[in-house]
Amino acid sequence: MSAFIGLGANLGDTARTLALALEALAALPDTELLAVSSLYRSAPVDASGPDYLNAAARLDTALPPEELLRRLQAIELAHGRERPIVNASRTLDLDLLLYADEQIRSEHLCVPHPRLHQRAFVLLPLLEIAPDLTAPGLGVLQPHLAAVSGQRVERLPGD
């Protein structure tokens, strides 16, 4: 199944943390890392603190969505993720944005991610690696960029 993961961090050595998180994603069982976006710098949304580094990754995985979420949370914990308050600064944030064409609403997981179409720091990296991407219940994602054009996001130059 195709899965899209949003990556973000705004504490510590964020670029290194995201690189290590991508290595951990590539090492997940029954999973192949297919694509990774550029890094983007963005201002915190509904929070304070330093700017975030963000990216998106596309996986091909046989892991069911709830198991994939557990694995993502384990990677976060391995990088010192704490959850003291909603929207707190973080060493690493891994969000399961999309899982195939499924709509999932459970106690622990909402797919598509509920605000993915409202966040430039999610849409820009996603659409970089999958320009024609659609999401269940949202349709084609490209037109949603207009609504987030006022959010401060900067694509960083690649190596």
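Lys and Arg are counted as positive and Asp and Glu as negative, with His and the chain ends left out. On this basis the protein carries 13 positive and 20 negative side chains, and the centres of the two sets are 5 Å apart, each charge being placed at NZ of Lys, CZ of Arg, CG of Asp or CD of Glu. The model is predicted: local features require pLDDT of at least 70 and side-chain atom pairs pLDDT 80 or more, while totals for chains, interfaces and linings use all residues. Residues are numbered from 1 along each chain as its sequence is written, and side-chain values use heavy atoms, without hydrogens and water.

Three helices and ten strands make up the secondary structure of the protein (DSSP runs numbered from the N terminus: helices are H or I of at least four residues, strands E of at least two). Along the sequence these elements follow the order β-α-β-β-β-α-β-β-β-α-β-β-β. The C-alpha trace spans about 35 × 35 × 35 Å along its principal axes. Among contacts (heavy atoms within 4.5 Å) with a separation of 6 or more, 67% involve residues 24 or more positions apart.

Of the 159 residues, 45% are buried (under 20% relative accessible area, with exposed over 50% and partly exposed in between; 1.4 Å probe, protein chains only). Asp-93 belongs to strand β5, which covers residues 93-99.
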